[in-house]
Amino acid sequence: MLLRLPVAEIRADDLARDRADLAAELRAPEMEELKQSIRNLGQKEPVSVVQTAEGYALTSGWRRLNALRLLHEETGDTRFALVTARVEVAAAERLERYVEMV
């Protein structure tokens, strides 16, 4: 099921990411390219999240989610405040979610 969710409601820290330096990833030229693409064309691919008791936890799409967060912070444009997300309705085991993310 695809939903439009507020970017602020998605936890991206539930699973360890496969990138060692996340702060550097946010400043990388590839992130700027992704932001420019989203700015011009919108979000093309959904992120994946799992619904938890606390809300939503990201399983895939860290760069897309953060590109939208950065664009919203930089511009204040409400179109960047929402992310299209594929939501897993049934709770997956933590190990299964990690394998899916990697």
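Predicted model: local features only at pLDDT ≥ 70, side-chain atom pairs only at ≥ 80, totals over all residues.
Five strands form an open sheet in the order E1-E5-E3-E4-E2, and their pairing is mixed. At its edges are strand E1 (2–6) and strand E2 (10–11), each of which pairs on one side only. Strands of a sheet pair through backbone hydrogen bonds, in either the parallel or the antiparallel sense. For E2 and E4 the sense is parallel, over 2 bridges. Arg11 stands opposite Ala57, a residue of E4.

Helix H3 packs on this sheet and touches E2, E3, E4 and E5. The direction of H3 makes about 125° with that of E4.

## Helix H3

H3 contains 14 residues. From its first C-alpha to its last it reaches 20 Å, close to the 20 Å expected at 1.5 Å a residue. After the helix comes Gly76, which has a positive phi near 75°.

The buried residues in H3 are Trp62, Leu65, Asn66, Ala67, Leu68, Leu70 and Leu71. Their cover includes strands E2, E3, E4 and E5 as well as helix H1 (22–27) and H2.

## The nonpolar core

The largest nonpolar core has 21 residues. Those touching the most other members are Leu5, Ile10, Val49, Leu58, Leu65 and Val83. Two or more residues each come from H2, strand E3 (47–52), strand E4 (55–60), helix H3 (62–75) and strand E5 (82–88). H3 gives the largest share, 6 residues.

Gln36 belongs to helix H2 (residues 29–41). Its relative accessibility is 36%, so Gln36 counts as partly exposed; the partly exposed class lies between the 20% limit for buried and the 50% limit for exposed. The C-alpha atom of Gln36 is 9.2 Å from that of Ala67, although the two residues are 31 residues apart along the chain.

Gln43 is placed in the loop between H2 and E3. Polar atoms of the Gln43 side chain lie 2.9 Å from the backbone oxygen of Glu45 and 2.8 Å from the backbone nitrogen of Thr84. Leaving aside residues up to four places away in sequence, Gln43 touches Arg4, Ile38, Leu68, Leu82, Val83 and Thr84.

Conventions
Residues numbered from 1 in each chain as written. Heavy atoms only, no water. Helix = DSSP H or I, 4+ residues; strand = E, 2+ residues; numbered from the N terminus. Buried < 20%, exposed > 50% of the residue type's maximum accessible area, 1.4 Å probe, protein only. Core = buried A, V, L, I, M, F, W, Y, C linked by side-chain atoms within 4.5 Å. Pairing = 2+ DSSP bridges. Contact = heavy atoms within 4.5 Å. Axes fitted to C-alpha atoms, helices over the stretch in contact; angles between N-to-C directions. Polar contact = N/O pair within 3.5 Å; in protein donor to acceptor, adjacent residues only side chain to side chain. Expected span 1.5 Å × (residues − 1).
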